[in-house]
Amino acid sequence: MATVPAGRDKYRSFLDDESDNVQWRHGGPPTYDVLNQLFEQGRTKEWEKGSLEEIVQNAIKTWEMELSHKVRLQDFKSINHEKFNLIVNGREGLKGEEALKMGSYNALLKNSLPKEFQYYKADEESFESSHEAFRSAFPRGFAWEVIHVYSGPPLISFKFRHWGIFEGPFKGHAPTGEKVEFYGIATVKVDEGLKVEEVEVYYDPAQLFGGLLKGAPISISSSPTHHASACPFHSPS
């Protein structure tokens with residue numbers, strides 16, 4: 001994975017002004033050039049600079065960047081470390097350290113269905129294996145945009161869209177080359193300094209896995225993931 005930023009990122013804060021004390025998961029801050037291109041080509045909304053929609057969109061992208069690429073919670077600048085809580089589809093909330101250990105994919109995809117009915121078994125995945133699975137499926141990244149903002153701070157509510165192009169294998173399924181996307185709604189509670197205290201997300205995982213499981217089954221020996229591995233992806237943003 002590239003670790004040196006190529007110029008200031010337009011959509012994420014704290015990438016170019018970090019101190020040397022920040023511990024990055026891959027040795028340095030990530031680059032988002034390929035993902036930003038996918039985002040700009042596929043977005044359905046282009047928000048006015050400085051608008052509430054743009055501010056919310058960039059704030060969530062920044063938080064996701066920190067969750068996926070920083071090793072220590074103390075280095076996060078987007079959240080209130082003591083109060084942070086992540087709730088997904090009504091499940092029990094995750095504190096900052098818990099979400100950091102699990103990673104964004106496992107935190108968002110964990111569910112309580114019986115194992116035989118789970119599309120994705122978050123309990124059996126590590127931070128690294130979960131990110132590798134989605135990097136493989138979406139080599140250009142997994143783009144994210146705000147569709148509509150319903151209310152502003154301190155309790156921000158909004159609708160979002162997440163999408164990628166299924167161009168690599170996923171869990172034994174061949175790529176289709178098609179766009180895979182899902183929609184959801186979320187609320188974000190912020191403190192007086194606009195640091196995130198709580199994120200609550202609701203979405204239907206079947207929208208995501210319906211696209212990923214369309215790919216034809218492939219044998220392990222023919223899967224490209226058993227050859228040289230690459231990391232051209234950030235994680236969902």
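Strands here are DSSP runs of E with at least two residues, helices are runs of H or I with at least four, and both are numbered from the N terminus.

A word on what you are looking at. This is a predicted model, where local features need pLDDT of at least 70 and side-chain atom pairs count only at pLDDT 80 or more, while totals for chains, interfaces and linings use all residues. Residues are numbered from 1 along each chain as its sequence is written, and side-chain values use heavy atoms, with hydrogens and water left out.

Now, strand by strand. β3 covers residues 143-151, and a hairpin of three residues joins β3 to β4. These two strands pair in the antiparallel sense over seven bridges; to count as paired, DSSP must find at least two bridges between them. Within that pairing, Val146 stands opposite Phe160.

β4 spans residues 155-165, and nine of its eleven residues are buried, meaning under 20% relative accessible area with a 1.4 Å probe and protein chains only. On to β5, residues 179-190, which pairs with β4 in the antiparallel sense over eleven bridges. Phe160 turns up again here, opposite Gly184 in β5.

Which residues make up the covered face of β5? They are Val180, Phe182, Gly184, Ala186, Val188 and Val190, while the uncovered face has Lys179, Glu181, Tyr183, Ile185, Thr187 and Lys189. In general, side chains in a regular strand alternate between the two faces of the sheet.

β6, residues 196-203, pairs with β5 in the antiparallel sense over seven bridges, with Ala186 opposite Val201. Five residues lie between β5 and β6 in their hairpin, and Leu194 in that turn has a positive phi of about 65°.

Leu194 also takes us to the largest pocket: along with Ile55, Ala59, Val190 and Val196, Leu194 lies nearest the centre, among 18 lining residues. A pocket is an open set of points on a 1 Å grid over the protein atoms alone, where a 1.4 Å probe fits, with protein on both sides within 12 Å along at least five of seven lines; lining residues have an atom within 4 Å of a point. The volume of the largest pocket is about 350 Å³. Which helix gives the largest share of the lining? That is α2, with six residues.

Conventions: Buried means under 20% relative accessible area, exposed over 50%, partly exposed in between (1.4 Å probe, protein chains only). Grid points are joined across faces, edges and corners, and a volume is the space filled by probe spheres set on the points.
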